[in-house]
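Let's take a walk through a protein chain together. Keep the picture open while you read, and look for each part as it comes up.

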Amino acid sequence: MPSLPYSLEALLLGRKREFAGIIPDVVVSEEHENEVVVTRHPVDTGANVSDHAYQMPTVINCQFGWSDSSRLLNSILDFSIFKGLTTTKDVYEKLLELQAKREPFSLSTGKKQYPAVIITKLKTTSTVDTESSLVVDITFEEIRFARTKEVTLQEAQQKNPQQTASVNQRGTSQPVLTTAGNRP
């Protein structure tokens with residue numbers, strides 16, 4: 001059975017792969033790269049200590065396609081941000097603009113939902129056979145945000161409060177004039 005353009009499948013069958021409100025006409029491939037790095041510290045000749053590991057942000061490589069012949073119909077039916085964009089050139093310009101903004105957006109793939117990614121790489125090639133379409137390799141990288149919180153520790157909880165206690169308001173201080181010649 002021949003398949004529908006992907007954006008029509010998303011609309012009619014509920015399958016949804018999208019990013020920043022963009023639904024591709026064709027999903028050629030999706031590749032998810034998850035990596036954990038183990039730290040290694042040399043402490044002696046020939047010896048490494050591996051004391052912990054950390055997870056790298058996920059990198060997602062996708063190959064998506066759009067066609068000039070289906071662009072107008074799909075944009076009307078899928079209510080995408082490409083509504084009214086009728087050429088693959090318009091689509092590519094929008095992708096370049098999204099990459100240049102470097103602002104996180106969500107990505108929904110067939111395997112996982114990523115709440116914050118950015119486009120780190122776009123690659124496309126046009127040939128005589130693909131001139132009326134846009135097949136683009138897009139590399140997304142997951143963005144992780146740090147959460148910070150200010151806390152105040154009570155002096156009773158500190159081993160050396162004179163050195164580590166929070167700064168306290170002690171009123172107004174007056175400078176004292178000293179002479180440099182009085183130093184030992």
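This is a predicted model: local features need pLDDT of at least 70, side-chain atom pairs count only at pLDDT 80 or more; totals for chains, interfaces and linings use all residues.

Accessible areas here come from the Shrake-Rupley method with a 1.4 Å probe, and for residues, only the protein chains shown count as cover. By that method the chain exposes about 13,400 Å², and carbon and sulfur atoms supply 52% of it. Residues are numbered from 1 along each chain as its sequence is written, and side-chain values use heavy atoms, with hydrogens and water left out.

Now for the overall layout. The chain has 4 helices and 10 strands; helices (H or I, at least four residues) and strands (E, at least two) are DSSP runs, numbered from the N terminus. Follow the sequence and you get α-β-β-β-β-β-β-β-α-α-β-β-β-α. Of the 184 residues in the chain, 26% are buried. Buried means under 20% relative accessible area, exposed over 50%, and partly exposed in between (1.4 Å probe, protein chains only). What about contacts, meaning heavy atoms within 4.5 Å? Among those between residues at least 6 apart in sequence, 53% join residues at least 24 apart.

Next, find helix α3, residues 88–101. Its 14 residues should span 20 Å at 1.5 Å a residue, and its end C-alpha atoms are 20 Å apart, so the two agree. (The expected span is 1.5 Å times one less than the number of residues.) Which residues of α3 are buried? They are Thr88, Val91, Leu95 and Leu98. These cover an arc of only 80° around the axis, which puts them on the same side of α3; the arc is that of the directions from the helix axis to the C-beta atoms. In general, an α-helix has 3.6 residues a turn, so residues three or four places apart point the same way.

Just after α3 comes Arg102, with a positive phi of about 55°. Most residues other than glycine have a negative phi. Arg102 lies in the loop between α3 and β8 (105–108), and counts as exposed at 63% relative accessibility. Ala20 has a positive phi too, about 50°. Look for Ala20 in the loop between β1 (18–19) and β2; with a relative accessible area of 25%, Ala20 is partly exposed.

Finally, go to strand β2 (residues 26–33), where you'll find Val26, partly exposed at 41% relative accessibility.

Technical notes. Contact means heavy atoms within 4.5 Å. The expected span of a helix is 1.5 Å times one less than its number of residues.
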